[in-house]
Number of protein chains: 4
Amino acid sequence: MSSKIAVGIVGITGYTGMELIRLLNQHGRFDLSLVTSRQEAGKELQDIFPQYRDYPEGKLPVSEPDTKHIAEHCSLVFLATPAGTSMDLVPELLDKGVKVIDFSADFRLRSPEVYRKWYKTDHRCPEIISRAVYGIPELYAEEIRNADLIANPGCYPTSVILALKPALKENSIDSKDIIIDSKSGVTGAGRSLKPDFLFCEANDSFKAYGLGKHRHTPEIEQELAAISRQDEFTVSFNPHLLPINRGIISTVYTRPSKDLSLQGIHRIYSDSYSHDPWIRVLAPEQLPQTKHVKGTMFCDIGLVLDPRSNRLIIVSAIDNLCRGASGQALASANLMHNLEISEGLNLSPLTP
Amino acid sequence: MSSKIAVGIVGITGYTGMELIRLLNQHGRFDLSLVTSRQEAGKELQDIFPQYRDYPEGKLPVSEPDTKHIAEHCSLVFLATPAGTSMDLVPELLDKGVKVIDFSADFRLRSPEVYRKWYKTDHRCPEIISRAVYGIPELYAEEIRNADLIANPGCYPTSVILALKPALKENSIDSKDIIIDSKSGVTGAGRSLKPDFLFCEANDSFKAYGLGKHRHTPEIEQELAAISRQDEFTVSFNPHLLPINRGIISTVYTRPSKDLSLQGIHRIYSDSYSHDPWIRVLAPEQLPQTKHVKGTMFCDIGLVLDPRSNRLIIVSAIDNLCRGASGQALASANLMHNLEISEGLNLSPLTP
Amino acid sequence: MSSKIAVGIVGITGYTGMELIRLLNQHGRFDLSLVTSRQEAGKELQDIFPQYRDYPEGKLPVSEPDTKHIAEHCSLVFLATPAGTSMDLVPELLDKGVKVIDFSADFRLRSPEVYRKWYKTDHRCPEIISRAVYGIPELYAEEIRNADLIANPGCYPTSVILALKPALKENSIDSKDIIIDSKSGVTGAGRSLKPDFLFCEANDSFKAYGLGKHRHTPEIEQELAAISRQDEFTVSFNPHLLPINRGIISTVYTRPSKDLSLQGIHRIYSDSYSHDPWIRVLAPEQLPQTKHVKGTMFCDIGLVLDPRSNRLIIVSAIDNLCRGASGQALASANLMHNLEISEGLNLSPLTP
Amino acid sequence: MSSKIAVGIVGITGYTGMELIRLLNQHGRFDLSLVTSRQEAGKELQDIFPQYRDYPEGKLPVSEPDTKHIAEHCSLVFLATPAGTSMDLVPELLDKGVKVIDFSADFRLRSPEVYRKWYKTDHRCPEIISRAVYGIPELYAEEIRNADLIANPGCYPTSVILALKPALKENSIDSKDIIIDSKSGVTGAGRSLKPDFLFCEANDSFKAYGLGKHRHTPEIEQELAAISRQDEFTVSFNPHLLPINRGIISTVYTRPSKDLSLQGIHRIYSDSYSHDPWIRVLAPEQLPQTKHVKGTMFCDIGLVLDPRSNRLIIVSAIDNLCRGASGQALASANLMHNLEISEGLNLSPLTP
């Protein structure tokens, strides 16, 4: 048995931190050695997450985030910090030789101008952006292997980019007529104390929000542009809030650019993802459900060709916390350490 | 105080029957005199709906459906029966002078051919179809007042037609490029004992179903054609199942047909519905939530103009059981008896 | 038609304020004339509760709480303020001739010492406590009619006191052996921004909390002592948090003090509550559900006599927001103005 | 790496079958070789459980249950069949040398008379009952190791017996004064198509049911009698239905039989379970939550000593599907094959 690789988590108190602990606990090669939180420093991990009482990691001390300390203890660190915080930490961490997987948007957008436009602040280390690899393994496995900085994708973009990749790559659809109607569970909003996310506000209700304005839009457009080898790309991206904990369904409405059969488009998808263990292209007419991917790395994709309205509808389902955040980060971490991509990530769905 | 008008419900055991009881209990002029159910005949209403213990209507005997008996006791009857059953009852009831509000699809489609195509069975009294009025009061209040047969609209169509009426009427959008992404609570499926509707299957999950194939599609197209004075109309209608009891959000993606401002389109909507007490056109940028209309007749409409993708997005929210079924039926019943349309229907939302 | 009575709500932003608006909207005689909130002053009511757009009360300005202003506009005011705030407002309001219904615990406990012990602060106007009537109409209808200050009961105490009243009054059970296992929906915790009440924390989970230590305990004991004409009374009161919006079930375990039959105890309960329209004593063996009382004033009571363990188990269900808070307050307001107790409170349950 | 052990599941379509698949998929030594279902025979496993598409076990053919066929393919079989069916299969399976873990109640009760009384039918192979071991490893690990027939415990009994074992063993409480208030998620009812378990009936509601009469009562009493070395044992056992998928909280009210301190009773519990990896005795004053054990084998136990009412309150939380059914069965299977008890069962909780 080879020795374990020490990793750390900065910003442990949110849901992506929780999910990383769940996954690292089942991982054979990574050893969670350090967790930090400004507000909870001084406690043990099990004080803030009682579900980890009696686990080995439950006794981990929560420390203040300190790059020197991190560099002494970890070869890789997951930054589960909000947008704007990461860019202050990353340069130092990289300088000290720590590999970084950043959960924020700080290094996802290749253009500092686009960043400023959507995040209303200047990027403070634009020279580092080009070092970052956008961490979707189905797109960038090779680049991830050689990277020391991963921009871990947003949950919505993950669900959308995977839904569209084969169709765009094969020019099967009109790239100028794409409407995305996404629905996300409440963990997607993080663990923030806002009235909208109180149980009594979200329970037994449903709403649209931020139509056409969500900050995940530029990230989606950047990656779809790359896939379709275009300079510009515009989508209509429209999020909704589901009264569930985990899960995203993106229903993507597209216009076929040529005469396609459902069998034909199904073959394009199956072929495109034939080497990707976590993409399940459903049989024609089958449609995905969030519960079928709960707790896993799967992205289930259903395909519908509607001859009446001449639309190809692509529906994808992911677990926003696992595939859309912490699990995907762990897949990158595996690749960065020359482990099997699926190490610790062959998970069973928790149903019901 | 004028005397009460006796009404009945055929097929009391489902959710629309339950909702009718709730609403009739608060109604000043209708008196629920008769309830029927083949499988529960012989019991009292409170035996099957214990929530109505100690209510006057709780002691109502549940009888077998019998048109002669109905005609003796009711001037109007609500048929909360499945598609295919209503058309066997309606001719006799009309003959006997009973006014009918039918909850099934049997009299919604003006064309028997369209009915056959979508419901896979021949219509058994096509000669009566033209007598039926499609019961959306914002469209057909006058016709409803004079009708003796109302085809009570489907819940999805109610949410979609109200969302699109002003834009189509004013030719503000391209009628050939309409995509509807609807999400409904589980009561929309009725009270049927199918595995998909078990708590443990639907809870904490979400899915798409029947994309492009739902039976509410022809009803939507028929009414949108009428509104826009076209012979043919095709939409892409795509339903999803929400883990909530009540509520529908329809997100409707359209293409402006001319240069519109958000203020302009907002004015079109406000003007169009200025005399309709139950349509609330939200301020620009505001978006509806199902909880804000829960238990009420409201249809809340939000408008978003997305200049990036050149789309007008219209979002509507209704309570599928009240506005989308039993409450809307009661509005028709009010009109058919020359009562105020809002009699018994000025309801407060139950939040949280 | 007699003229309307002007009432106000101090502290409008919480769930009990929301529920009062729902109920006052359906009330024929009270007119909501004034709403206050320190943090939301300057807005209209519909800005903070969009569900009340287009309602007459939606345009009400939210003002700063000011006793002089309140006295000029209202003959009665509901104080939906936290414990500790009410006692600073009540003396002035009473002085100015305003009737007060207080939702906090400030005037529920007749003993300032007991108040200090459980609320960890001194009572600041102990001389006024004796003026307050504990607002359960089934216990104190006469006193409420003549009062100018009502201490509106806690939600748990309402469910427990109503469950036990007949058995204690008739000495049917051992008053020294009472265990109460209560389960409440999340609205019982108010609208406070605490992590435990976030959707993702409460959803699909369940927990016990504060066993033996909840602040509603002294209130329960005080009233049970009064009912059973004892000086001291001790119960084991144990709350749990349900992942639902509204509803409390209290399962009360008692020891029969004599040889009782289920029919006998059922008769005691039916007789005791024969004049109380909102208490539904269920048939022997039937058990209550929160959904059957949702949105209503009902307290449903089920009785089980378990011969194996020699226990009489009493189960009660209420809607904690309506019967357990705002609806019960409105019943008191009705009595204080010589209206029918049920004015505006003959509500239908919202099921499903 | 040693070779895999072939196991089978009879009655695959329910929730315990689903959960077994989840767990066996993560198990290093067992190989799921055979699944049966009368109604689904002929399909592949992934046809009935689409969440297992692309898993190795997804391609397993679902066969008719046939003891000869089972014996040829499996060394151990899990019977996820309803009460009354198992006792017809078990004798043949044992004869053919197949080890059996039965999920039904058929072999849990040592007395055929008690079985007849509670299950209203005669036991058809009473001679085999004594061969069965009640499968709680904290009680019977040694016996399980040597058994060929395990009666896998009910979910409620698991939560109750583990809560009470240390206190009863040490005579810390009065064995004649035990009240159990249990609350279970809906999966506890299985996957049966009954109206009460429909989403719209169970969602956002809560109820008591079967107070004093649940069939898990005799099983609880039998095992508590054994623990406390008494011939007879009577408890008041009272179940409630929670609107969650998984999880049981049992709140157990007991009377201390001697002068106990909370520290003292905490030590008794900690010592009693010091060698049991899945029992977490929480720090004094901490209370369990179902989400902290979701998807795991843990039984979290909280202890409260209420001096006011002189009660020791013991609260336990388990995942009814994992610890209370399939996971516990797998622990027995591990022991029966001389594997580590925790093989494949070191699971992380899925939160949120």
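Predicted model: local features only at pLDDT ≥ 70, side-chain atom pairs only at ≥ 80, totals over all residues.
1. Leaving aside residues up to four places away in sequence, Val77(D) touches Val7(D), Gly8(D), Val10(D), Ile70(D), Leu93(D), Val98(D) and Val100(D).

2. The core. Val77(D) belongs to the largest nonpolar core, which has 432 residues. Val77(A), Val77(B), Val77(C) and Val77(D) are those with the most contacts inside it. In soluble globular proteins, nonpolar side chains tend to be buried together.

3. Helix packing in chain B. Helix H8 (residues 155-169) of chain B packs on helix H10 (residues 217-227) of chain B at an angle of about 20 degrees. Their axes are 10 Å apart. The angle is under 35 degrees, so H8(B) runs roughly parallel to H10(B). The crossing of H8(B) past H10(B) is right-handed.

4. Residues between these helices. H8(B) brings Pro157(B), Val160(B), Ile161(B), Leu164(B), Lys165(B), Leu168(B) and Lys169(B). H10(B) meets them with Glu219(B), Ile220(B), Glu223(B), Leu224(B) and Ile227(B). By class, the contact of H8(B) with H10(B) holds eight nonpolar, no polar and four charged residues.

5. Chain B against chain A. Here 38 residues of chain B are in contact with 38 residues of chain A. Several elements of chain B each supply at least two residues to the side that touches chain A. They are strands S8 (179-184), S9 (207-208), S10 (236-241), S11 (248-254), S13 (299-306) and S14 (311-318), plus helix H9 (199-202). On the side of chain B that touches chain A, 18 residues are nonpolar, 11 polar and nine charged.

Methods: Residues numbered from 1 in each chain as written. Chains lettered and ligands numbered in written order. Axes fitted to C-alpha atoms, helices over the stretch in contact; angles between N-to-C directions. Helix = DSSP H or I, 4+ residues; strand = E, 2+ residues; numbered from the N terminus. Parallel < 35°, antiparallel > 145°, perpendicular 65-115°, else oblique. Left-handed = near helix turned anticlockwise from the far one by under 90°. Contact = placed C-beta atoms within 7 Å. Nonpolar A, V, L, I, M, F, W, Y, C, P; charged D, E, K, R; others polar. Core = buried A, V, L, I, M, F, W, Y, C linked by C-beta atoms within 7 Å. Buried ≥ 20, exposed ≤ 12 C-beta atoms within 10 Å, placed from the backbone.
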